[in-house]
Amino acid sequence: MSLQDDLAAVKRCLEDLVRTVGQLERSIAAERGGTAAPPPGRPENLVTIPDTPYDSGLWTDSDDEGLGARDRHAP
């Protein structure tokens with residue numbers, strides 16, 4: 001198979017996947033009492049995490065995960 005054949009096969013598989021997911025969304029919507037798939041876009045329960053650094057005060061008195069407390073030695 002050539003690269004073009006491989007790409008065409010991948011494209012067909014991707015289109016089939018998109019079609020199958022659409023059918024699944026419509027099926028789930030019908031089971032929940034809706035008549036159509038939910039509109040595309042940003043989900044309402046999506047939480048945006050800011051790029052700003054966390055306040056270092058959040059980590060005061062916390063143990064290093066997997067390392068134990070800072071003032072104690074491992075057995």
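Tyr54 is exposed, with a relative accessibility of 58% (exposed is over 50% relative accessible area, buried under 20%, partly exposed in between, with a 1.4 Å probe and protein chains only). Tyr54 sits in the segment after H1. Together with Val47, Ile49, Leu58 and Trp59, Tyr54 makes a nonpolar surface patch of about 630 Å². Patches are built from residues with over 30% relative accessible area and no salt bridge; nonpolar side chains (Val, Leu, Ile, Met, Phe, Trp, Tyr) are joined within 5 Å, like charges within 9 Å.

## Basis of the values

The model is predicted: local features need pLDDT of at least 70, side-chain atom pairs count only at pLDDT 80 or more, and totals for chains, interfaces and linings use all residues. Residues are numbered from 1 along each chain as its sequence is written, and side-chain values use heavy atoms, with hydrogens and water left out.

## Chain and helix

The protein chain has one helix and zero strands (DSSP runs numbered from the N terminus: helices are H or I, at least four residues; strands are E, at least two). Of its 75 residues, 4% are buried. The accessible surface is about 7500 Å², with 57% belonging to carbon and sulfur atoms (Shrake-Rupley method, 1.4 Å probe; for residues, only the protein chains shown count as cover).

H1 has 29 residues and reaches 42 Å from first to last C-alpha, close to the expected 42 Å (1.5 Å times one less than the number of residues). Gly33, which follows H1, has a positive phi near 100°.

## Salt bridge

The whole structure holds one salt bridge (a side-chain nitrogen of Lys or Arg within 4 Å of a carboxyl oxygen of Asp or Glu). Asp16 pairs with Arg19, their closest N and O atoms 2.9 Å apart. Both lie in H1, three residues apart. Asp16 is partly exposed at 38% relative accessibility, and Arg19 is partly exposed at 47%.
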